[in-house]
Amino acid sequence: MSERAFRRVLVTGGAGFVGSHLCRRLLATGADVVCLDNLATGTRANVADLQRHDGFRFAQADATDAAAWRALPGRFDLVLHFACPASPADYLRLPLETLAVGSDGTRHALDRARRDGARFVLASTSEVYGDPLEHPQPETYWGNVNPVGPRSVYDESKRFAEALVTAHRGVHGTDAAIVRIFNTYGPRMRTGDGRAVPTFIAQALDGAPLTVAGDGSQTRSLCYVDDTVDGVLALAASDEPGPVNVGGGEEITMLDLARRIVDLTGSASRIRFVERPVDDPARRNPDTRLARERLGWQPRVGWSEGLERTIQWFTRSAAA
């Protein structure tokens with residue numbers, strides 16, 4: 001595996017949850033960072049403190065807008081394409097925008113990386129596996145996906161983006177890679193984004209019932225955001241094309257997750273079961289052998305420590 005140092009980095013979706021953590025980490029390495037975000041789901045608050053950093057620039061623009069790309073000055077040596085609504089609440093609210101950023105947005109980002117001679121990393125997702133029939137899910141698994149279901153706008157956006165990256169690399173020789181991210185959580189998640197961890201934490205801190213979908217037997221494999229960032233940057237610094245899974249090693253049911261959050265918050269909240277969404281995957285568990293063997297990456301933050309850090313952030317944010 002090669003190691004690279006990046007001097008100037010573009011992060012699309014950089015004001016979002018994972019994107020804002022990437023911006024911070026890259027600035028800490030001494031890189032200059034341009035954050036491009038239309039704020040459809042990201043927030044200025046996520047990068048407000050970075051505005052004081054000489055190496056940081058925020059560009060409010062849409063990744064699907066060709067003019068916005070032409071307006072970005074200078075040359076980048078790394079392009080991280082993270083612009084996309086990533087939670088069910090967001091992509092169901094913004095279906096056409098989700099499809100557009102996976103297609104037009106990815107194409108513009110790839111074209112810029114090719115023009116600049118930059119390394120390119122696409123943030124893909126475990127959702128490309130759909131409701132998987134193989135466990136754990138290796139990168140060689142093709143998936144079990146409903147292309148016309150309510151979740152398809154996100155699933156197919158990412159599947160198309162992966163195909164576009166592969167074709168761009170094959171036709172133009174673009175130095176491009178794909179990371180498939182599994183269920184990342186941590187500080188700066190939005191309480192109303194519909195994902196389990198922020199929803200459960202907010203409900204527990206409010207003393208409200210924790211709304212568990214179905215009977216709560218469906219599983220996810222949680223990965224703390226610092227570990228996810230490590231995996232993304234390890235892939236960026238390598239010559240690996242991917243796809244590479246980056247995700248947590250512990251598979252947990254949603255009911256157990258809700259109970260653990262109740263315990264960690266000391267909440268008196270009860271569990272309330274609600275209707276399970278259509279096409280909600282029954283299991284999520286990444287096979288991360290490729291990341292371990294090729295990138296030397298594995299998650300380090302256990303669920304208890306990660307949830308405690310996340311709960312502390314939500315508690316401080318609520319008090320601010």
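In this predicted model, helix H1 passes helix H7 in a right-handed crossing, a crossing being right-handed if the near helix is turned clockwise from the far one by less than a right angle, and left-handed if anticlockwise. Helices here are DSSP runs of H or I with at least four residues, and strands are runs of E with at least two, both numbered from the N terminus. The axes of H1 (residues 17–28) and H7 (residues 225–236) come within 10 Å and cross at roughly 65°, which makes H1 roughly perpendicular to H7. Axes are lines fitted to C-alpha atoms, for helices over the stretch in contact, with angles from 0 to 180 degrees between N-to-C directions; angles under 35 degrees count as roughly parallel, over 145 as roughly antiparallel, 65 to 115 as roughly perpendicular and the rest as oblique. Contact, defined as heavy atoms within 4.5 Å, is made by Phe17, His21, Leu22, Arg25 and Leu26 of H1 and by Val225, Asp226, Val229, Asp230, Val232 and Leu233 of H7. By class, the contact of H1 with H7 has seven nonpolar, one polar and three charged residues, where Ala, Val, Leu, Ile, Met, Phe, Trp, Tyr, Cys and Pro count as nonpolar, Asp, Glu, Lys and Arg as charged, and the others, Gly among them, as polar.

Helix H6 (residues 196–206) packs with helix H10 (residues 303–319) at an angle of about 60°, the axes lying 10 Å apart, which makes H6 oblique to H10. The crossing of H6 and H10 is right-handed, and Val197, Pro198, Ile201 and Leu205 of H6 meet Leu307, Thr310, Ile311, Phe314 and Thr315 of H10 in the contact. This contact of H6 with H10 has seven nonpolar, two polar and no charged residues. Eight of the 11 residues of H6 are buried, so H6 is largely enclosed by the rest of the structure; buried means under 20% relative accessible area, exposed over 50%, and partly exposed in between (1.4 Å probe, protein chains only). The buried residues of H6 pack against strand S7 (184–185), strand S8 (210–213), H8 and H10, and just after H6, Gly207 takes a positive phi of about 75°.

The structure holds 25 salt bridges, each defined as a side-chain nitrogen of Lys or Arg within 4 Å of a carboxyl oxygen of Asp or Glu. Asp193 forms a salt bridge with Arg195, with the closest N and O atoms 2.9 Å apart; Asp193 is buried at 1% relative accessibility, whereas Arg195 is partly exposed at 24%. In helix H4 (residues 95–116), Arg107 and Asp104 are three residues apart and are thus separated by about one helical turn, and their salt bridge has its closest N and O atoms 3.6 Å apart. Asp256 and Arg259 likewise lie three residues apart, about one turn, in helix H8 (residues 254–265), and form a salt bridge whose closest N and O atoms are 4.0 Å apart. An α-helix has 3.6 residues a turn, so residues three or four places apart point the same way. Arg4, Arg119, Asp175 and Asp239 are linked in a network of salt bridges.

Residues are numbered from 1 along each chain as its sequence is written, and side-chain values use heavy atoms, with hydrogens and water left out. Local features need pLDDT of at least 70 and side-chain atom pairs count only at pLDDT 80 or more, whereas totals for chains, interfaces and linings use all residues.
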